[in-house]
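Colleague: I would like to go through the terms used for this model one by one. Please set each value against its definition.

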Amino acid sequence: RAEGAFLISADMEKGEVTSMQLFSEKGEEIKIFNPFKNEKVNCSSPFIIDDNILIISTTPGQTIRLSI
């Protein structure tokens with residue numbers, strides 16, 4: 001659980017994050033450090049990257065998937 005009413009889980013391979021799932025309970029904006037380093041990020045929702053921070057607007061009950 002993360003501040004702002006988010007549930008977050010991640011998958012890892014060889015010590016590196018390969019995908020993440022974010023569930024928004026309330027529909028807030030989330031800002032998370034980009035765990036994918038210099039890889040191209042695939043996201044199921046529009047996002048921006050600012051200084052290696054992913055910024056994603058969410059709606060209540062939305063599940064967002066991120067991967068490389």
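**Terms and values**

Modeller: Ile 8 has its place in strand 1; a strand is a DSSP run of E, at least two residues, numbered from the N terminus. This is a predicted model: local features need pLDDT of at least 70, side-chain atom pairs count only at pLDDT 80 or more, and totals for chains, interfaces and linings use all residues. Residues are numbered from 1 along each chain as its sequence is written, and side-chain values use heavy atoms, with hydrogens and water left out.

Colleague: Why is Ile 8 called partly exposed?

Modeller: Its relative accessible area is 36%. Buried means under 20%, exposed over 50%, and partly exposed in between (1.4 Å probe, protein chains only). So Ile 8, at 36%, is partly exposed.

Colleague: Which residues does Ile 8 touch, not counting those up to four places away in sequence?

Modeller: Ala 2, Met 20, Gln 21, Leu 22 and Ile 30. Contact means heavy atoms within 4.5 Å. The C-alpha atoms of Ile 8 and Phe 23 are separated by 6.5 Å, and the two lie 15 residues apart along the chain.

Colleague: What makes strand 1 and strand 2 a pair?

Modeller: Pairing needs at least two bridges found by DSSP between two strands. Strand 1 (residues 6-13) and strand 2 are joined by eight bridges and run antiparallel. Therefore they pair.

Colleague: What is the strand order of the open sheet?

Modeller: The order is 3-6-5, with antiparallel pairing. Strand 3 (29-33) and strand 5 (48-50) are the edge strands, since each pairs on one side only. Strand 3 is joined to strand 6 (residues 53-57) by five bridges. Lys 31 has Ile 55 as its bridge partner in strand 6.

Colleague: What makes up the largest nonpolar core?

Modeller: There are 12 residues in all, among them Phe 6, Val 17, Ile 30, Phe 36 and Ile 56. Such a core is a set of buried Ala, Val, Leu, Ile, Met, Phe, Trp, Tyr and Cys residues joined through side-chain atoms within 4.5 Å. Strand 2 gives the most, with three residues.

Colleague: How confident is the predictor?

Modeller: The chain's mean pLDDT is 94, and 100% of its residues reach 70 or more. pLDDT is the predictor's confidence in each residue, from 0 to 100.

Methods
Helices (H or I, at least four residues) and strands (E, at least two) are DSSP runs, numbered from the N terminus.
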